[in-house]
Amino acid sequence: MTKQATSHIEKVDGIYNLSNYDTIYENFDWKDAKKLLSAAKTGKINAAYETIDRHVDEGFGDKTALHYINETEKRSYTFKEVKDKTDHYARILKENGVKKGDRVFIFLPKTPECYIAILAAIKVGAIAGPLFEAFMEDAVRDRINDCDGTLLITDQELAKRVPQQDIPSLHTILYVEDIEKEPLQSVDGDQFVEWVDWEDGLIIHYTSGSTGKPKGVLHAHRAVQHHIVTGKWVLDIKDEDVYWCTSHPGWVTGSVYGLFAPLLNRATVVIQGGRFSAENWYSLIEELGVTIWYSAPTAFRMLLSQGDLYKKYDLSSVRHVLSVGEPLNPEVIQWAWNSLKVRIHDTWWMTETGGHLIVNLPAEKIKPGSMGRPFPGVQIGILDDEGQELPRGEVGQLAVRTPWPGLMKEIWGNQDKFKSYFQYEGWYISGDLALQDEEGYVFFQGRNDDMINSAGERIGPFEVESKLIEHPAVEEAGVIGKPDELRGELVKAFITLRQGFSQSKELLEEIRIFVRKNLSAHAAPREIEVVEELPKTKISGKILRRQLKALEIERANKARLQSEGVLHSR
Ligand code: WTA
């Protein structure tokens, strides 16, 4: 027997029936999402209340909210325990002067404390700024400085990478070790909940584009409407589900679909600490009985490369698997079918969109190579360079009709950048290229800019180039994504050397480690190539990354043809 995720849509208030996608699509109204939230009754909202406290108030306090597992320990928390802990953290934030709208950063590994700290910041009305745990000094400094963060919650270990003296706005650093030591006082009711408006700031995620430093994408509390509905219908969460999203909450997938969406729908959420290993991942699924699993193609490819290893584990609990962040290749779909006996459902969205926009809904047909169809309530367009809609089947700019509840509220302190997403009246421009077929299925065709996507993580070439040229040996740098079978793309840097430096293996390694140590491991170039000169535009002298990328693609194609025996190397 094969397992199949069932559709939730027919069960939601009896309004929709997925067997007829076109009808739902036409009749869908985002307003119905509001009905699923308690805020519908009061008019005021707090996303942390909706995510945790509401379930306690509705009688589900004893249900397990979080499972934490790493190589050496395993612990669980009920919704009531998470409520008590967020109240405890919230009280300490208030004692430290945190007010509505303040930016509170959270720099922690993937642990329950990380999730609880994010929720506590939101509970007191602050804007949570979760940071990826692999960030190094410069990455941490630039992000907190950009939006004048005032308070940071971290631990003793990661605090070593926080250059507090270079972050003038940051007046307080709290250590989880200290917070955890203080006696926990259980409080009744919503004493620490700051009731806010739908438009008030919720969370800020820094993300990369092709130019400039990472931008602070600010989301509003209204986004929980998007989260709760897609959690129900796309993730297919039901009460008995054990849900595991592998992303860290410092990335939007880890916050929206690792924290908000599943907990808004009262799922039991798995938090996995420690390093990636195929053994750990498979045994986690077996041990905790994971039923819904959300990850990325690179992770699936890493598991695939372990061959038959999956046969040692009982993975039969898994009934629904989802993917995001990079193109989902047919080999991966085949692997999931062999190992887990399930289909993988692709989802397309971006940090800026705040939630799923194109999806393979649980009960819909899947077309390999396609990301699925627009979520009900979402209208997409494939536009030409003038912003005109192209006919079905043609490749163009993937755009989405504005607005929708998850759409970002602003780019922090950068109105120009914000406006650049909306240059055609009524459309949000994603920066992706795509085509849509007659049935509405959307096929990803690449990026329309220089953004790098390595292992599903967005990397801005500018940030890496800026770091590279801080190294004394580097004169100029051009950074691109080089096609890679495992990671989709890998970060490759072309550099010219300053006078007096000559190329050596040691020097290139030193440069690589320089970026790794100051910026972060995931953004450090895996390959560095020294060139005499970098291609540039004639007028402004800007480095032509596209030309560098074209060169890499040409080399890759040549190598492939050679290995297939079509060309003969001399
Ligand atoms: C890419 C992650 C192919 C795309 C949620 C997008 C995808 C960028 C897919 C956003 C997919 C996302 N297939 N490519 N299913 N999903 N992308 O902001 O280029 O980290 O613009 O958000 O990832 O990355 P971000």
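1. A cavity is here taken as a set of points, on a 1 Å grid over the protein atoms alone, where a 1.4 Å probe fits but cannot get out, and its volume is the space filled by probe spheres set on the points, with grid points joined across faces, edges and corners. By that definition the structure holds 4 cavities of 30 Å³ or more. The model is a predicted one, in which local features need pLDDT of at least 70 and side-chain atom pairs count only at pLDDT 80 or more, while totals for chains, interfaces and linings use all residues. Residues are numbered from 1 along each chain as its sequence is written, and side-chain values use heavy atoms, with hydrogens and water left out.

2. The largest cavity contains about 100 Å³ of space. Its lining consists of 15 residues, and the closest to the cavity centre are Phe135, Arg143, Ser208, Glu463 and His522; a residue counts as lining when it has an atom within 4 Å of a point. At least two lining residues come from each of helix 7 (137-146), strand 7 (201-207) and strand 22 (457-459), where helices (H or I, at least four residues) and strands (E, at least two) are DSSP runs numbered from the N terminus. By class the lining has 7 nonpolar, 5 polar and 3 charged residues, with Ala, Val, Leu, Ile, Met, Phe, Trp, Tyr, Cys and Pro counted as nonpolar, Asp, Glu, Lys and Arg as charged, and the others, Gly among them, as polar.

3. A pocket, in contrast to a cavity, is an open set of points with protein on both sides within 12 Å along at least five of seven lines. The second largest pocket has a volume of about 400 Å³. It is lined by 16 residues, and those nearest the centre of this pocket are Asp450, Glu465, Lys542, Ile543 and Arg545. Helix 15, strand 23 and helix 17 each contribute at least two residues to the lining of the second largest pocket, which divides into 5 nonpolar, 3 polar and 8 charged residues.

4. Helix 17 deserves a separate comment. The buried residues of helix 17 are Arg545, Leu548 and Glu552, buried meaning under 20% relative accessible area, exposed over 50% and partly exposed in between (1.4 Å probe, protein chains only). Gly565, which follows helix 17, has a positive phi near 80 degrees.

5. In helix 10 (residues 252-264), 13 of the 13 residues are buried. In helix 11 (residues 278-288), the buried residues are Ala278, Trp281, Tyr282, Leu284, Ile285 and Leu288. Seen down the axis of helix 11, these buried residues fall within an arc of 155 degrees, so they line one face of the helix. Just after helix 11, Gly289 takes a positive phi of about 65 degrees.

6. Arg266 has a positive phi of about 65 degrees although it is not a glycine; Arg266 sits in the loop between helix 10 and strand 10 (268-272), and at 15% relative accessibility it counts as buried. Ala455, also not a glycine, has a positive phi near 55 degrees, lies in the loop between strand 21 (452-454) and strand 22, and is partly exposed, with a relative accessible area of 27%. The peptide bond from Thr402 to Pro403 is cis, with omega near -10 degrees.

7. Pro403 is found in the loop between strand 17 (396-401) and strand 18 (410-411), and Met408 is found in the loop between strand 17 and strand 18. Met408 is buried, with a relative accessible area of 2%. Leaving aside neighbours within four places in sequence, Met408 is in contact (heavy atoms within 4.5 Å) with Val217, Leu218, His219, Arg222, Glu352, Phe418, Tyr421, Phe422 and Tyr428.

Technical notes:
The arc is that of the directions from the helix axis to the C-beta atoms.
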